[in-house]
Amino acid sequence: MTDHAPRRLVLASQSPARLGLLRQAGLAPEVLVSGFDEDSVTAPTPAELALALAEAKASLVAGRPEVAGALVIGCDSVLDLDGQALGKPADAEEATARWKAMRGRVGLLRTGHCLWDTASGRQVSATASTAVRFGEPTDAEIAAYVASGEPLHVAGAFTLDGRSAPFIDGIDGDHGNVIGLSLPLLRRLLAELGVPITELWARAE
């Protein structure tokens, strides 16, 4: 650790789960939402879509004058089921159909990560993937879960750190990636830019 203040880290996402992951890892990011229209981007595969969305969000925020000199991280997640990219369901009916299609199966949660160093103008990006093994909730359990409103606000209509956790049998890979951000991948991206993640740790009060 050094005595100087850590670099500013700006999270280009309104996700409270991503913010929570960064804070738990000792970081103190500011939040600046990009306002990017996610429906304006298409890509050949779910992994490429997640990366394109992350890059678009990070680039928009990195271009703002108020973040000059900061590190900007943008992320976006989609569920890859049979090669189809599934984001947040549009309504309760879609969320219900989604869960009935997912139960008893395995999907890949793809999260694109893009990191901008606005001081140097350098940008690095990559996608992390985690296999998710869905359980077999009953129709009644699915109805109750959808009625909670939670699946309407998360990619793939599920999350590991919420009410759907009992319906996930397990994962293969980084759990943080499923929640919304892979901390190991973030560390590697920072290293590519010459920034040790330990230098971003918030100093204890």
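Helix α2 buries P46, L49, A50, L53, A54, A56, K57, A58, V61 and A62, where buried means under 20% relative accessible area, exposed over 50% and partly exposed in between, with a 1.4 Å probe and protein chains only. The cover over these buried residues includes β1, β3, β4 (84-86) and β5; helices (H or I, at least four residues) and strands (E, at least two) are DSSP runs, numbered from the N terminus. The helix itself takes in residues 46-62, 17 residues in total, and its first and last C-alpha lie 24 Å apart, close to the 24 Å expected at 1.5 Å a residue. That expected span is 1.5 Å times one less than the number of residues in the helix.

All of this comes from a predicted model, in which local features need pLDDT of at least 70 and side-chain atom pairs count only at pLDDT 80 or more, while totals for chains, interfaces and linings use all residues. Residues are numbered from 1 along each chain as its sequence is written, and side-chain values use heavy atoms, with hydrogens and water left out.

On to the strands. β5 (residues 106-117) and β6 (residues 122-134) pair in the antiparallel sense over 12 bridges; to count as a pair, two strands need at least two bridges found by DSSP. W116 sits opposite Q123 in β6. The hairpin of β5 and β6 has 4 residues between the strands, and G121 takes a positive phi near 80° there. β6 is also joined to β7 (residues 168-172), again antiparallel, by 4 bridges, and R133 has G170 in β7 as its bridge partner.

Next, the nonpolar cores, meaning sets of buried Ala, Val, Leu, Ile, Met, Phe, Trp, Tyr and Cys residues joined through side-chain atoms within 4.5 Å. The largest one has 22 residues, and L27, L71, I73, L115, L181, L186 and L190 have the most contacts inside it. At least two residues of this core come from each of β1 (9-11), α1 (16-24), β3 (71-81), β6 and α6 (183-192), with the largest share, 4 residues, supplied by α6. Leaving aside residues up to four places away in sequence, L190 touches L71, L115, V195, I197 and L200, a contact being heavy atoms within 4.5 Å. A second, separate core has 17 residues, among them W99, M102, L109 and F167.

Aromatic rings turn up in 5 pairs across the whole structure. Rings of Phe, Tyr and Trp (its six-membered ring) pair if their centres lie within 6.5 Å, and planes under 30 degrees apart count as stacked, over 60 as edge-to-face and the rest as tilted. W99 and F167 have ring centres 5.9 Å apart and planes at 75°, so this pair is edge-to-face. W99 counts as buried at 0% relative accessibility, and F167 does at 14%. The rings of Y145 and F167 are edge-to-face too, because their centres are 6.1 Å apart and their planes at 75°. W99, F134, Y145, F158 and F167 form one aromatic cluster.

Finally, the cysteines: the disulfide count is 0, a disulfide being a pair of cysteine sulfur atoms within 2.5 Å. For C75, the nearest cysteine sulfur is that of C114, 9.0 Å away.
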